[in-house]
Amino acid sequence: MRALISGLMSAIDTDDLGAAVEAGLLSEAQAASLQSFSQTRAGLRARLPREDEPFELFRGLNDVFVAFGLAMLANGIALTLFLSQSWAITCGAGAVLMWCLAEYFTRRRRMVLPSLVLVVSLTLFVVLGAANVLLDTTTAIPRDLGVAEALDRVGLALAVGALAALAFFARFRLPFALFVAGVLALPVLFVQTGALGGPIGATLLLEDPGRAFDLAVAGPLALTTLAAGVGAFALAMAFDMRDPYRVGRLSRC
């Protein structure tokens with residue numbers, strides 16, 4: 001529908017607007033405002049940088065096949081973890097490989113769907129590698145760590161993954177990387193605020209999820225979730241308002 005409206009608007013010229021005013025379909029003020037708005041949008045499009053193209057999830061089956069191949073590659077690297085003597089080295093190598101592939105498929109080819117696979121794979125490898133180093137294990141939490149300390153170390157591993165996603169966005173300008181960073185940052189907030197500890201926290205979340213987010217009952221868990229949601233909404237609106245005339249890819253991301 002949006003494409004159809006854009007096509008119709010591009011076919012309307014000054015004579016059409018004048019005829020619409022004479023026919024009583026538009027007032028002179030409305031016609032002048034519409035013409036000014038159209039000229040403003042046309043000028044902004046002309047000044048867009050070359051790399052600023054409309055957002056498209058994929059342009060054809062080629063993107064789908066490439067994304068599937070990258071997912072299979074990442075899955076193969078993940079399976080080698082069970083045979084590896086060091087998860088940290090394997091995950092580090094996997095993360096470096098995903099970054100190098102992003103230099104081609106994201107930065108050069110501008111392929112969106114493969115880029116989503118790459119950023120998710122990259123952050124997963126970073127989180128697993130960081131967790132392996134911090135927890136000093138490949139299978140489970142060591143017995144000599146208390147629950148609180150183990151949660152702190154898991155939160156730190158997730159924070160490292162969020163930083164990796166932010167670095168991916170800074171390098172390749174893929175907005176989906178911000179979503180990945182936000183998903184990883186949320187449990188970090190839970191750990192730092194103690195929302196999952198105490199009698200009301202993880203236990204209530206598992207037993208009664210509805211009450212877990214009740215502000216009158218859950219306390220830190222509900223408040224932290226609410227604060228994170230409001231913060232994410234504010235950042236999303238600030239990101240979206242960078243393109244108020246809806247001419248670039250920012251408004252579609």
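**Note on helix packing and selected residues**

1. Val66, Leu70, Leu73, Ala74 and Ile77 of α4 meet Thr90, Gly94, Leu97, Met98, Leu101 and Phe105 of α5. Contact here denotes heavy atoms within 4.5 Å, and helices (H or I, at least four residues) and strands (E, at least two) are DSSP runs numbered from the N terminus. The axes of helix α4 (residues 61-79) and α5 come within 10 Å and cross at roughly 165°. Axes are lines fitted to C-alpha atoms, for helices over the stretch in contact, with angles from 0 to 180 degrees between N-to-C directions. The two helices are therefore roughly antiparallel to each other; angles under 35 degrees count as roughly parallel, over 145 as roughly antiparallel, 65 to 115 as roughly perpendicular and the rest as oblique. The crossing of α4 and α5 is right-handed, a term used if the near helix is turned clockwise from the far one by less than a right angle, with left-handed for anticlockwise.

2. On the basis of the coordinates: this is a predicted model, in which local features need pLDDT of at least 70 and side-chain atom pairs count only at pLDDT 80 or more, whereas totals for chains, interfaces and linings use all residues. Residues are numbered from 1 along each chain as its sequence is written, and side-chain values use heavy atoms, with hydrogens and water left out.

3. On the overall fold: the protein has eleven helices and zero strands. Of its 253 residues, 32% count as buried, where buried means under 20% relative accessible area, exposed over 50% and partly exposed in between (1.4 Å probe, protein chains only). Among the contacts with a separation of 6 or more, 62% are between residues 24 or more positions apart.

4. Helix α6 (residues 112-135) has 24 residues and spans 34 Å from its first C-alpha to its last, close to the 34 Å expected at 1.5 Å a residue. The expected span is 1.5 Å times one less than the number of residues. Helix α6 is mostly covered, with 19 of its 24 residues buried. Asp136 follows α6 and has a positive phi, near 55°.

5. Helix α8 (residues 176-193) has 18 residues and reaches 26 Å between its first and last C-alpha, close to the expected 26 Å. Its buried residues include Ala177, Val180, Ala181, Leu184 and Val188. After α8 comes Gly194, whose phi is positive, near 70°.

6. How do α6 and α8 pack, and what angle do their axes make? The axes come within 10 Å and cross at roughly 30°, which makes α6 roughly parallel to α8. Leu116, Val119, Val120, Thr123 and Val127 of α6 make the contact with Phe176, Ala177, Val180 and Leu184 of α8. This crossing is right-handed. In general, an α-helix has 3.6 residues a turn, so residues three or four places apart point the same way.

7. Ser115 is in helix α6 and counts as buried at 1% relative accessibility. The side chain of Ser115 reaches the backbone oxygen of Met111 at 2.4 Å. Not counting residues up to four places away in sequence, Ser115 touches Phe105, Thr106, Phe168 and Leu174. Ser121, also in α6, counts as buried at 9% relative accessibility. With neighbours within four places in sequence left aside, Ser121 is in contact with Ala74 and Met98.

8. Arg107 is found in helix α5 (residues 87-108). With a relative accessible area of 43%, Arg107 is partly exposed. Arg107 and Phe172 are 65 residues apart in sequence, yet 5.8 Å apart in space, C-alpha to C-alpha. Not counting residues up to four places away in sequence, Arg107 touches Ala102, Arg171 and Phe172. A polar atom of the Arg107 side chain lies 3.2 Å from the backbone oxygen of Arg171.

9. Thr224 is in helix α11 (residues 220-240) and, at 10% relative accessibility, counts as buried. Thr224 and Leu189 are 35 residues apart in sequence and 7.2 Å apart in space, C-alpha to C-alpha. Leaving aside neighbours within four places in sequence, Thr224 is in contact with Leu189, Phe190, Thr193 and Ala195.

Note on methods:
Polar contact = N/O pair within 3.5 Å; in protein donor to acceptor, adjacent residues only side chain to side chain.
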